[in-house]
Amino acid sequence: MRNSLYKKNIISINDLQRNELELVLKKSAILKKQPAPNLLKNKIIASCFFEASTRTRLSFETAVYRLGASIIGFSDGNNISLGKKGETLADTISVISSYVDAIIIRHPQEGSARLAAEFSNNIPVFNAGDGSNQHPTQTLLDLFTIQETQNRLNDLNIAMVGDLKYGRTVHSLTQALAKYKKNKFFFISPDALKMPNYINDTLLENGISWIRCQNIEEIISEIDILYMTRVQKERLDSTEYANAKSKFILHSKMLKNARSNLKILHPLPRIDEIDHDVDYTPYAWYFKQAANGIYARQAILSLVLIENHF
Amino acid sequence: MQINKLQVEAIKCGSVIDHIPSQIGFKLLSLFRFTETEKRITIGLNLPSQKLGKKDIIKIENTFLSADQINQLAIYSPCATVNYIDQYNLVGKIFPTLPKKIDRILICPNSNCISHNNCITSSFLFIKKLDNNMNLKCQYCEKEFSKNIVLS
């Protein structure tokens with residue numbers, strides 16, 4: 001299989017073709033079974049976190065270390081020249097690109113990773129989250145987890161619950177799964193946090209059906225994947241939040257009619273949308289999903305930085 | 001037609017953007033940065049038009065619009081025509097077609113988009129929807145907006 005990801009910027013899941021997604025999933029599975037510690041020996045990678053994101057940063061940095069590369073960078077955007085002295089993001093990236101072999105960037109503004117790629121002098125850029133826009137490696141680890149648990153990425157019934165309006169993980173995952181046939185989506189959210197129309201239109205354009213539902217219990221017996229997200233308190237007024245919060249909390253008793261293959265995923269952090277009693281059911285897969293982030297990130301880093309990857 | 005000729009004088013050489021919907025002419029002047037040129041520009045607003053009822057017209061001397069600029073006109077004035085004039089003669093007539101991409105002239109409605117506060121220019125792709133409407137997708141923040149939201 002030709003490695004078309006070599007030297008490519010990983011900015012948006014929409015930039016990746018289906019064969020490229022499959023290449024990453026294949027590589028992730030190989031790395032999970034057979035760690036290859038020296039794949040990126042002598043490479044230096046910058047980890048530029050302009051906003052806090054402990055899990056994503058540690059996951060990326062673990063992936064870098066496991067591949068034998070070195071890492072430089074920062075995890076507090078307020079404590080660097082850009083924050084303190086007013087340097088532009090473009091200048092910051094332009095300089096860092098002359099030090100390293102790849103740049104991982106997390107930034108609160110949408111489009112920042114694409115901008116970084118324009119100023120990185122052909123040094124590959126990995127988007128570790130740009131505002132509410134994209135988080136492609138989260139989607140890759142989600143796809144890897146779904147394929148690992150269901151043995152396929154098509155013909156699946158997927159429920160997405162919570163903040164579907166601002167949740168970039170559900171947007172990207174929906175767009176990625178829309179590349180596969182016969183998937184069906186169930187969207188469960190407060191009215192104020194519905195899936196945006198442009199995502200729904202993308203599904204229709206790909207001939208994929210979706211339906212809005214009122215609660216989890218009405219569809220629990222039909223679904224293979226239950227993707228929970230946090231209803232964000234700051235997005236709703238206090239009454240709306242109180243109603244939404246109580247309506248979309250998953251308890252183990254709600255899983256009694258679940259299919260045996262059901263897996264519950266969550267991008268984390270979990271606040272209170274999944275009761276802790278669910279953790280002890282065979283359906284809870286969110287911590288294993290987070291662990292898969294290492295393999296998916298190792299896979300994408302090595303595919304972008306090494307041409308002959310197998 | 002006689003009234004038009006009297007109100008907006010002919011140019012010897014350059015471009016005439018005709019059949020601009022009324023109220024749009026002035027907007028085009030600033031959007032396409034025609035106000036920043038030192039070329040002589042004449043503009044007619046709310047002129048009578050058989051086709052549109054009322055129209056605006058812009059004449060720019062010694063300037064020939066690029067293909068990109070002409071196609072960008074289609075966003076605001078789909079019926080506009082661009083006439084090239086040389087020695088007072090019409091030497092070309094172009095009907096703008098909607099471009100696939102539009103750079104520089106629009107502002108992303110998403111206030112958290114990086115295109116607002118850095119040394120870059122905006123870039124939008126036209127996306128045709130199932131209902132035949134057109135959306136504009138920001139190349140940076142990847143958000144899609146209906147044409148009216150971006151143009152307002």
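The model is a predicted one. Its sheet is open and consists of 5 strands in the order E7-E6-E5-E8-E9 of chain A, with parallel pairing. In an unreviewed entry, UniProt lists A:Lys85, A:Arg168 and A:Arg230 under "binding site".

**The sheet and its pairing**

- The edges of the sheet are formed by strand E7 (209–212) and E9 of chain A, each of which pairs on one side only, and the twist from one strand to the next averages 20°.
- Strand E5 (residues 157–161) of chain A is joined to E8(A) by 4 bridges in the parallel sense, and in this pairing A:Val161 stands opposite A:Met228.
- E5(A) also pairs with strand E6 (residues 184–188) of chain A, in the parallel sense and over 5 bridges, with A:Phe185 as the bridge partner of A:Ile158.
- Between E8(A) and strand E9 (residues 263–265) of chain A there are 3 bridges, again parallel, and A:Ile225 stands opposite A:Lys263.

**Strand E8 of chain A**

- In a regular strand, side chains alternate between the two faces of the sheet.
- In strand E8 (residues 225–228) of chain A, A:Ile225 and A:Tyr227 point one way while A:Leu226 and A:Met228 point the other way, and all of these residues are buried.

**Helices against the sheet**

- Helix H9 (residues 238–247) of chain A forms a right-handed β-α-β unit together with E8(A) and E9(A).
- Helix H6 (residues 136–150) of chain A packs on the sheet, where it touches E8 and E9 of chain A, and its direction makes about 150° with that of E8(A).
- Helix H7 (residues 168–177) of chain A lies across E5, E6 and E8 of chain A and runs at about 165° to E5(A).

**The positions listed by UniProt**

- The "binding site" positions A:Lys85, A:Arg168 and A:Arg230 in the UniProt entry are spread over 146 residues of sequence and also in space, with up to 35.3 Å between C-alpha atoms.
- From this set, A:Arg168 and A:Arg230 belong to the lining of the largest pocket.
- A:Lys85 lies in helix H3 (residues 81–85) of chain A, and it counts as exposed because its relative accessible area is 71%, where the cut-off is over 50%.
- A:Arg230 is found in the loop between E8 and H9 of chain A, and with a relative accessible area of 28% it is partly exposed.
- Leaving aside residues up to four places away in sequence, A:Arg230 touches A:Asp163, A:His266, A:Pro269, A:Ile271 and A:Glu273.

Note on methods. Residues are numbered from 1 along each chain as its sequence is written. Chains are lettered from A and ligands numbered from 1 in the order in which they are written. This is a predicted model: local features need pLDDT of at least 70, side-chain atom pairs count only at pLDDT 80 or more; totals for chains, interfaces and linings use all residues. Side-chain values use heavy atoms; hydrogens and water are left out. Buried means under 20% relative accessible area, exposed over 50%, partly exposed in between (1.4 Å probe, protein chains only). Helices (H or I, at least four residues) and strands (E, at least two) are DSSP runs, numbered from the N terminus. Two strands pair if DSSP finds at least two bridges between them. A crossover is right-handed if, with the strands pointing away from the viewer, the path from the first strand over the helix to the second runs clockwise. UniProt positions are given in the numbering used here, feature names are shortened, and annotations may be inferred rather than shown by experiment. On a 1 Å grid over the protein atoms alone, a cavity is a set of points where a 1.4 Å probe fits but cannot get out, and a pocket is an open set with protein on both sides within 12 Å along at least five of seven lines; lining residues have an atom within 4 Å of a point. Contact means heavy atoms within 4.5 Å. Axes are lines fitted to C-alpha atoms, for helices over the stretch in contact, and angles run from 0 to 180 degrees between N-to-C directions.
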